[in-house]
Amino acid sequence: MKKDECIFCKIAAGEIPSACVYEDDDFKAILDISPASKGHVIIIPKNHADNIFDLTKDEAAKVFVIAANIGKILMNELNCDGLNVLQNNGAAAGQTVFHFHMHLIPRFENDKVKITWTSTKYIEGEMDQLAKAIKEKL
Ligand code: 5GP
Ligand code: ZN
């Protein structure tokens with residue numbers, strides 16, 4: 001399903017031009033217009049999903065297969081030293097386009113890309129309690 005006024009629905013449908021690197025019935029992968037590094041790809045499902053929680057099981061499984069396939073090509077083609085696979089859900093997590101997408105970001109030794117956080121610590125017992133609470137709900 002398409003969502004009105006969604007830029008990635010329009011790109012996926014070919015209504016807005018993009019530098020497409022891969023397309024099948026369910027997904028399109030394009031070069032990011034403002035890349036973190038050369039070769040930054042985003043993989044977009046053709047059906048609108050706001051975020052990871054909206055994907056079907058098949059979409060969720062398939063996106064990683066596509067990510068690995070394109071990622072391998074990027075590694076060889078760009079001769080990069082690494083690759084970040086990431087995706088953001090919710091504004092607080094850095095999502096700016098609210099149609100699910102997965103980023104593939106080629107990494108080079110000493111590049112200027114920053115994907116980082118400051119480590120924190122659990123208080124005594126908190127980690128086990130949290131793990132138990134999550135496990136019980138799955
Ligand atoms: P987010 O911050 O939501 O995880 O990532 C959105 C990404 O989409 C950004 O990296 C941004 O550069 C990219 N983007 C936004 N609009 C367009 C567009 O019209 N075309 C392309 N190719 N990429 C876009
Ligand atoms: Zn959409």
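Q: A residue counts as near a molecule or strand if one of its heavy atoms lies within 4 Å of it. How many residues surround ligand 1, and which are the closest?

A: Ligand 1 has 16 residues around it, and the closest are Asp32, Asn88, Thr96, His101 and His103. This is a predicted model, where local features need pLDDT of at least 70, side-chain atom pairs count only at pLDDT 80 or more, and totals for chains, interfaces and linings use all residues. Residues are numbered from 1 along each chain as its sequence is written, chains are lettered from A and ligands numbered from 1 in the order written, and side-chain values use heavy atoms, with hydrogens and water left out.

Q: Which polar contacts does ligand 1 make with Leu31, Ile33 and His101?

A: A polar contact is a pair of N or O atoms within 3.5 Å; within protein, one must be able to donate a hydrogen and the other to accept it, and residues adjacent in sequence count only if both atoms are side-chain atoms. A polar backbone atom of Leu31 is 2.9 Å from a nitrogen atom of ligand 1, and a backbone N or O atom of Ile33 lies 3.3 Å from a nitrogen atom of ligand 1. On the side-chain side, a polar atom of His101 lies 2.9 Å from an oxygen atom of ligand 1. Taken alone, ligand 1 exposes 520 Å², of which the protein buries 82% (Shrake-Rupley areas, 1.4 Å probe; for residues, only the protein chains shown count as cover).

Q: What are the protein donors of the zinc ion (ligand 2)?

A: Donors are N, O and S atoms within 2.8 Å of the metal (3.2 Å for Na, K and Ca); water is not among the atoms, so sites may look incomplete. For the zinc ion (ligand 2) they are Cys6 (SG), Cys9 (SG), His48 (ND1) and His99 (ND1), at 2.1 to 2.3 Å. Their spacing in sequence is C-x2-C-x38-H-x50-H.

Q: Why is the arrangement around the zinc ion (ligand 2) called tetrahedral?

A: Four donors count as tetrahedral if all angles lie between 85 and 135 degrees. Here the four donor atoms subtend angles of 104 to 116°, so the arrangement is tetrahedral.

Q: Are Cys6 and Cys9 buried or exposed?

A: Buried means under 20% relative accessible area, exposed over 50%, and partly exposed in between (1.4 Å probe, protein chains only). Cys6 is buried at 8%, and Cys9 is buried at 1%. Over the 138 residues of the protein chain, 32% count as buried.

Q: How many helices and strands does the protein chain have?

A: Helices (H or I, at least four residues) and strands (E, at least two) are DSSP runs, numbered from the N terminus. The protein chain has three helices and five strands, in the order α-β-β-β-α-β-β-α from the N terminus on. Its C-alpha trace spans about 55 × 40 × 25 Å along the principal axes.

Q: Where does helix H3 lie, largely in the open or buried?

A: Helix H3 lies largely in the open, because zero of its twelve residues are buried. Met127, placed in helix H3, is partly exposed at 49% relative accessible area.

Q: Which residue does the side chain of Ser37 reach?

A: The side chain of Ser37 reaches the backbone oxygen of Pro106 at 2.6 Å. Ser37 sits in the loop between strand E2 (27–31) and strand E3 (41–45) and is buried, at 9% relative accessibility.

Q: Where is Asn79, and what is its phi?

A: Asn79 lies in the loop between helix H2 (57–78) and strand E4 (82–86). Its phi is positive, about 55°, although Asn79 is not a glycine. Asn79 is exposed, with a relative accessible area of 61%.

Terms used:
Tetrahedral: all angles 85-135°; square planar, octahedral: opposite > 155°, others 65-115°.
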